[in-house]
Amino acid sequence: MALPPPSPGWTRYVVKAKALSVGRDFRVTDLAGSDVFVVDGKVGPRERADVLDAAGTILYRVAGRVLNVPKHMTITDAAGTEVASLHGKLFSPVRSRMTLTVPDGPAWELQGNFVEKEYTVTSGGVPVAVITQKWVTVRDTYTLDVADGVVPGLALAVLWAVDRWVERR
């Protein structure tokens with residue numbers, strides 16, 4: 001099944017888990033199939049990942065503990081400055097709710113269904129990103145739609161964190 005085009009004002013990325021990776025790694029392409037990002041998951045006592053551009057430059061780092069209650073992850077830029085903090089709600093059996101605190105902007109609210117792996121991220125009630133597996137039939141593949149003006153690397157960091165939380169349930 002071919003992917004439908006994204007809505008006007010949005011950019012769509014295809015996010016595929018790498019098959020034989022040690023950490024939880026993703027290859028991110030545009031709709032033409034060109035590599036645009038890589039998410040390099042790390043192995044260790046804490047969940048960690050680097051979001052890199054196509055040239056291999058680190059854009060963001062994600063670190064946290066997904067086995068804690070409540071779950072928490074921190075996103076930093078390449079220089080180590082915290083740009084966001086993601087917090088999960090204490091308990092939600094089917095619907096996942098998370099809040100992304102951004103120091104220099106409005107909070108992002110993430111709500112979705114962990115069974116269907118479909119999430120909407122809003123800022124001030126306005127959608128800024130949509131994470132879903134609805135359009136793909138290959139396991140461990142997502143589509144990520146990002147609204148114009150939203151930094152795609154930050155949205156990818158959120159996608160990786162959500163994926164780790166769902167896999168650890």
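**Exercise 1.** How many bridges join β11 to strand β12, and which way do the two strands run?

*Solution.* Keep in mind that this is a predicted model. Start with β12, which covers residues 141-147. Its link to β11 is made of four bridges, and the two strands run antiparallel.

**Exercise 2.** Work out which residues touch the most other members of the largest nonpolar core.

*Solution.* That core holds 40 residues, and I75, W108 and L144 come out on top. Helix α1 (residues 152-167) is the biggest contributor, with 11 residues. Next, zoom in on L144 and skip neighbours within four places in sequence: its contacts include Y13, V15, I131 and L159.

**Exercise 3.** Track down the aromatic pairs and classify them.

*Solution.* There are two to find. Take Y13 and F37: with 5.9 Å centre to centre and 70 degrees between the planes, the pair is edge-to-face. Y13 sits in strand β1 and F37 in strand β3, 24 residues apart. Y13 is buried at 10% relative accessible area, and F37 is buried at 9%. Then take F26 and Y142: centres 6.2 Å apart, planes at 70 degrees, so edge-to-face. F26 is in strand β2 and Y142 in strand β12, so this pair ties together parts 116 residues apart in sequence.

Note on methods
Residues numbered from 1 in each chain as written. Predicted model: local features only at pLDDT ≥ 70, side-chain atom pairs only at ≥ 80, totals over all residues. Heavy atoms only, no water. Core = buried A, V, L, I, M, F, W, Y, C linked by side-chain atoms within 4.5 Å. Buried < 20%, exposed > 50% of the residue type's maximum accessible area, 1.4 Å probe, protein only. Contact = heavy atoms within 4.5 Å. Pairing = 2+ DSSP bridges. Phe/Tyr/Trp six-rings, centres within 6.5 Å; stacked < 30°, edge-to-face > 60°.
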